[in-house]
Structure formats: C-alpha cells, structure tokens
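Hello,

Here is the structure for your files.

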Amino acid sequence: MAAHPSYRPELDGLRALAVLSVIGVHAEIPGFSGGYLGVDVIFVLSGYLITRIIRREIADGTFSLSRFYERRARRILPALLLVALASIPIGWFYLPPHRMVRFCESLISLLTFSTNFHFYLESGYFTPGAEESGWIHGWSLAVEEQFYLLFPLAIIALRKRSTATQIAVLAASMVLSFNLAVAVSFSDAEASFYLLPMRAWELLAGALVSFGRDYRANSWASG
C-alpha cells in the first residue's frame, strides 16, 4: 500500500526515539535520566499531526467530526482492548486480591481515557512503587484523547476566522496553559504533571507549528 502523500517518515522516527527514551528511563538504563522529555516530544508531535489532518480535511471540505472520532476509536481501541483483555488472566493468577482490585480500577480508567485523573487522585507518578500500579503509563494516552475530544471543536469554531486570528488564539491559549503549568507546579506538582489544562501547551505548540508552516507556505506562494 502506497504511503499517503503527506506522510512524514522522519516524524515517525522522532516519535520512536521519544518512546525509546521513556522506556530507557523506566528500565533505569544509564544515560536515560532525562527520558521523560520523550513524553513532551510525543505531545508536540501529536498536536502537529492532528492539526495537519483536521485543517487539510476542512480545506478539502471533507472533515466530519463523527468520522474524526471514529478514526480515533479504530486507531486506538483494537490494540488497547487486546492488551487489556490479555492482561486480565495474568493479573488474576499472579496478583493478590487487593492488588487485583487496584488493577481493575486502573483498567477501567484506561478504557475510559481517564487514567490521568485516576492516578492523580490515587498516587503520584514518581511515588515509590508507582510503577507497580497497573496502567499508570496510560495517563499520557488519556491526556491526548481528552485533547482530541476538545481541539477539533475549537478548530471548527475558528475555521471562518483568518489564519492570523487562529494562530493568535492558539498562541494565547498555549501561553495561558504554560503559565498555568508553572504556577500550579509549585502548589500541586502532580496536577501539573497529569492534567490536560497544564499539558495542553505542548500539544498546542505542535498545532502552532502546523499553522505556522502552512501560513508561511501560503505567504511565499502569494508573494
């Protein structure tokens, strides 16, 4: 099957490196102490790619909100459900009852894309033994899916505005989210780490790169 003409293989490579850096820090491989930066890279890439898709389809007149959500479901749910179902019998046989209860609670949060809320309320990501909490790594997927639920609505609301106005609104939202993340980190570091309002600036940074790229290309073409 031929690749889509807008496919960017180098971005897949960058995403793979980001994932490997996160795996490296959790595996305690020397030299990967800054591996958490990989999550930030993934968020920026996600914001960039999803914005390109939405804006391209809006420009072509083919964008459908229901189809967008359907594609997200088809992309995420099959693998997610497969891993979840395969893990249940393993947990049943190997986890003590109290751990199995926590496992099932976190599994429900994973399947409802609320893992970041679940572990924010239950425990910290860097709390000793947190890596033994089932599905804790699903928090980043939850943040992305919450963003994908809201962001298309914002793009639709702004679609009749000029590109410069859209960029200004997104930039202001990014600055607000970044400042909120910094401010909240002093009083509630876990909220700053887990929750979408304090993470949205990274996804919005990627969205702005997409807008800026197209805006510059159009400026050159018109010039």
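Arginine 71 and glutamate 57 form a salt bridge, with their closest N and O atoms 3.1 Å apart. (A salt bridge here is a side-chain nitrogen of Lys or Arg within 4 Å of a carboxyl oxygen of Asp or Glu.) The pair links distant parts of the chain: arginine 71 sits in helix α3 and glutamate 57 in helix α2, 14 residues apart. Helices are DSSP runs of H or I with at least four residues, numbered from the N terminus. Arginine 71 is partly exposed at 27% relative accessibility. Glutamate 57 is buried at 13%. The cut-offs are under 20% relative accessible area for buried, over 50% for exposed and in between for partly exposed, with a 1.4 Å probe and protein chains only.

Before the rest, two points on the source. This is a predicted model: local features need pLDDT of at least 70, side-chain atom pairs count only at pLDDT 80 or more, and totals for chains, interfaces and linings use all residues. Residues are numbered from 1 along each chain as its sequence is written, and side-chain values use heavy atoms, leaving out hydrogens and water.

The salt bridge count comes to 6. One of them joins arginine 74 to glutamate 70, at 3.5 Å from N to O. These two are 4 residues apart in α3, so about one helical turn separates them. Arginine 74 is exposed at 51%, while glutamate 70 is partly exposed at 41%.

Arginine 199 and aspartate 40 also meet in a salt bridge, at 3.0 Å from N to O. Arginine 199 is buried at 9%. Aspartate 40 is partly exposed at 22%.

Now α3 itself. The helix covers residues 65-94, 30 residues in total. From first C-alpha to last it reaches 42 Å, close to the expected 44 Å (1.5 Å times one less than the number of residues). A kink of about 35° lies at leucine 77, shortly before proline 78. The bend is the angle between axes fitted to the seven residues ending there and the seven starting there. Buried residues of α3 include Phe68, Arg72, Ile76 and Leu80. The buried residues pack against α2 (37-60), α4 (97-111) and α6 (139-158), with contact meaning heavy atoms within 4.5 Å.

Finally, leucine 17 is in helix α1 (residues 9-26). Leucine 17 is exposed, at 56% relative accessible area.

Best wishes
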